[in-house]
Amino acid sequence: MPICSYREVDEQVCSLLWRISEPEEVLLQTAVLDPRLEIAYRQITHTRRRREWLATRAALRHLLTQLGHERAALCQDKLGKPYLTGSNMQISLAHCEAYAYVAAAQGCAIGVDIQKPCTSLQRVQHRFLQEEETAAGIHDLDTLCVYWCAKEAIYKAQGGQEGLLRDIYINPFVADKQGILTGHTHKQTFSVHYRWYNGHVLARSNAIHGGSS
């Protein structure tokens with residue numbers, strides 16, 4: 001499970017990207033699941049999804065070890081948002097085929113997503129783009145993928161309490177190989193850092209302040 005990218009943005013935020021290469025048995029040992037998470041793992045029937053799920057937990061365990069939080073226990077709330085017991089460290093997990101992407105932030109909401117552009121995004125764009133966002137002239141698949149990842153990252157940062165279509169809005173931007181865009185819900189404004197890596201979009205969001213703009 002080689003590290004593709006490790007970034008410490010500042011004293012508060014850091015992220016880790018792994019390429020998933022180990023068999024499921026090795027990932028299971030590396031992830032160190034508590035009984036509740038092991039039950040969740042056993043309920044995943046699809047083999048590839050099970051490996052990806054394990055890989056995110058293994059990557060997070062490695063990241064927490066680097067940060068000196070290796071003893072923190074991973075749990076999830078009723079909406080499925082992961083958190084660490086006994087710690088104010090905020091975390092987020094994402095996976096897509098061959099990659100696991102995780103991030104941790106000290107005391108601020110954070111969310112990550114990773115996605116490879118696919119034609120299904122064009123078919124379902126009406127489910128995650130508002131009219132104002134569509135009117136901005138979004139037609140190419142790469143830009144759609146950035147929108148999708150940005151909204152998913154914000155969705156995770158605020159705990160899954162908002163909807164991608166009706167509640168999360170991305171301010172107009174010009175897509176590039178990497179950049180920073182802004183989005184908001186009814187309650188918070190978010191900064192979203194995105195970049196491309198080996199044909200995938202990686203997005204990481206964190207809350208800026210309350211209110212919308």
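Helices (H or I, at least four residues) and strands (E, at least two) were taken as DSSP runs, numbered from the N terminus. By this assignment the chain contains 6 helices and 11 strands. The model is predicted: local features require pLDDT of at least 70, side-chain atom pairs count only at pLDDT 80 or more, and totals for chains, interfaces and linings use all residues. Residues are numbered from 1 along each chain as its sequence is written, and side-chain values use heavy atoms, with hydrogens and water left out.

Of the 213 residues of the chain, 48% are buried (under 20% relative accessible area, with exposed over 50% and partly exposed in between; 1.4 Å probe, protein chains only). The C-alpha atoms occupy a box of roughly 50 × 35 × 30 Å along the principal axes.

The structure holds 7 salt bridges, a salt bridge being a side-chain nitrogen of Lys or Arg within 4 Å of a carboxyl oxygen of Asp or Glu. One of them joins Glu24 and Arg50 at 2.7 Å, N to O. This pair connects distant parts of the chain, 26 residues apart, with Glu24 in helix α1 (residues 24–31) and Arg50 in helix α3 (residues 47–66). Glu24 is buried at 14% relative accessible area, and Arg50 is buried at 17%.

A salt bridge also forms between the side chains of Asp113 and Lys156 (3.6 Å, N to O). Here strand β7 (residues 110–115) supplies Asp113 and helix α6 (residues 141–157) supplies Lys156, 43 residues apart. Asp113 is buried, at 7%, whereas Lys156 is partly exposed, at 22%.
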